[in-house]
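Here is a short briefing for a reader new to this model. Look over the sequence and the structure, then read on.

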Amino acid sequence: MDAVLRVGLPGLSLSAGSNSLLEERYVSRVRMIPASETTPLWTIEAKSIQSNLFDSLKSRWQLSLIDDYANVNGQQQQTGPFCNVNFEVEIQLSNPLISFTLDRVLKDVAKAQVEAFEKRCRAVPFDNESKT
């Protein structure tokens, strides 16, 4: 599926009508590869296909189910289900000023995305019947 997305850095306004100097609406092609009996890993990939700001923007979420969670001491804390999340972002820009600016904040942006994802996961009930 194709999705229209928006990114921006607040406070870097270019004009009165714009929220951010780096605000960009772009189109990404998003695909989901569901888990299966042989590969117990859900993968969601997004790749920009129409953007004025990014030469390339790719992201990948990989989620794997963890039935039981143990703490560092190896003692059982809780019973699952739990999910391990791997999140990767790859960005290519031809504008060196924007590239420099994004390099300085990208780690914080990725952290905020993961935190928002975790918050949403806690709010949505888990259907134990749809593990695969």
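**Leucine 63 and the overall layout**

Leucine 63 lies in strand E4, which covers residues 56-70. The model it belongs to is predicted. The chain holds one helix and five strands. From the N terminus, these elements run β-β-β-β-β-α.

**The chain as a whole**

- The chain has 132 residues, and 20% of them are buried.
- Take the contacts between residues at least 6 apart in sequence: 39% of these join residues at least 24 apart.

- Leucine 63 counts as buried because its relative accessibility is 11%, and the cut-off for buried is under 20%.
- Its contacts beyond four places in sequence include Pro40, Leu41, Trp42 and Ile44.
- Leucine 63 also touches Cys83, Asn84, Val85 and Phe117.
- Valine 85 is 22 residues from leucine 63 in sequence, yet their C-alpha atoms are 4.7 Å apart.
- Serine 56 lies in strand E4 as well.
- Serine 56 is buried, at 12% relative accessibility.
- Beyond four places in sequence, serine 56 touches Ser48, Glu90, Ile91 and Gln92.
- Serine 56 and leucine 93 are 37 residues apart along the chain, with 7.0 Å between their C-alpha atoms.

- Strand E3 spans residues 41-50 and contains serine 48.
- Serine 48 has a relative accessible area of 12%, so it is buried.
- Tyr26, Val27, Ser28, Ser56 and Leu57 are the residues serine 48 touches, leaving out those up to four places away in sequence.
- Glutamate 45 is also in strand E3.
- Is glutamate 45 buried or exposed? Its relative accessibility is 17%, so glutamate 45 counts as buried.
- The side chain of glutamate 45 makes a polar contact of 2.8 Å with that of arginine 31.
- Another polar contact, of 3.1 Å, joins the side chains of glutamate 45 and arginine 60.

- Strand E1, residues 2-7, holds leucine 5.
- Leucine 5 is partly exposed, with a relative accessibility of 31%.
- Setting aside neighbours within four places in sequence, leucine 5 is in contact with Glu24, Arg25, Tyr26 and Ser28.
- The C-alpha atoms of leucine 5 and arginine 25 are 5.6 Å apart, though 20 residues separate the two along the chain.
- Glutamate 24 sits in strand E2, residues 24-33.
- Glutamate 24 is buried, at 8% relative accessibility.
- Glutamate 24 touches Leu5, Arg6 and Val7, and also Ser51, Asn52, Leu53 and Phe54, not counting residues up to four places away in sequence.
- Asparagine 52 is 28 residues from glutamate 24 in sequence and 7.5 Å away, C-alpha to C-alpha.

**The nonpolar core and the rings**

- In soluble globular proteins, nonpolar side chains tend to be buried together.
- Which residues make up the largest nonpolar core? The seven are Tyr26, Leu53, Phe54, Leu57, Leu93, Ile98 and Leu102.
- How many aromatic pairs does a search of the whole structure find? The search finds three.
- Trp61, Phe87 and Phe117 are linked into a cluster by ring pairs.

**Helix H1**

- Helix H1 runs over residues 96-123, with 28 residues.
- From first C-alpha to last, H1 reaches 39 Å, close to the 40 Å expected at 1.5 Å a residue.
- Where does H1 bend? The bend is at valine 105, by about 50 degrees.
- At the start of H1, a side-chain oxygen of asparagine 95 comes to within 2.9 Å of the backbone nitrogen of leucine 97.

How values were computed
Residues are numbered from 1 along each chain as its sequence is written. This is a predicted model: local features need pLDDT of at least 70, side-chain atom pairs count only at pLDDT 80 or more; totals for chains, interfaces and linings use all residues. Side-chain values use heavy atoms; hydrogens and water are left out. A nonpolar core is a set of buried Ala, Val, Leu, Ile, Met, Phe, Trp, Tyr and Cys residues joined through side-chain atoms within 4.5 Å. Buried means under 20% relative accessible area, exposed over 50%, partly exposed in between (1.4 Å probe, protein chains only). Rings of Phe, Tyr and Trp (its six-membered ring) pair if their centres lie within 6.5 Å; planes under 30 degrees apart count as stacked, over 60 as edge-to-face and the rest as tilted. Helices (H or I, at least four residues) and strands (E, at least two) are DSSP runs, numbered from the N terminus. Contact means heavy atoms within 4.5 Å. The expected span of a helix is 1.5 Å times one less than its number of residues. The bend at a residue is the angle between axes fitted to the seven residues ending there and the seven starting there. A polar contact is a pair of N or O atoms within 3.5 Å; within protein, one must be able to donate a hydrogen and the other to accept it, and residues adjacent in sequence count only if both atoms are side-chain atoms.
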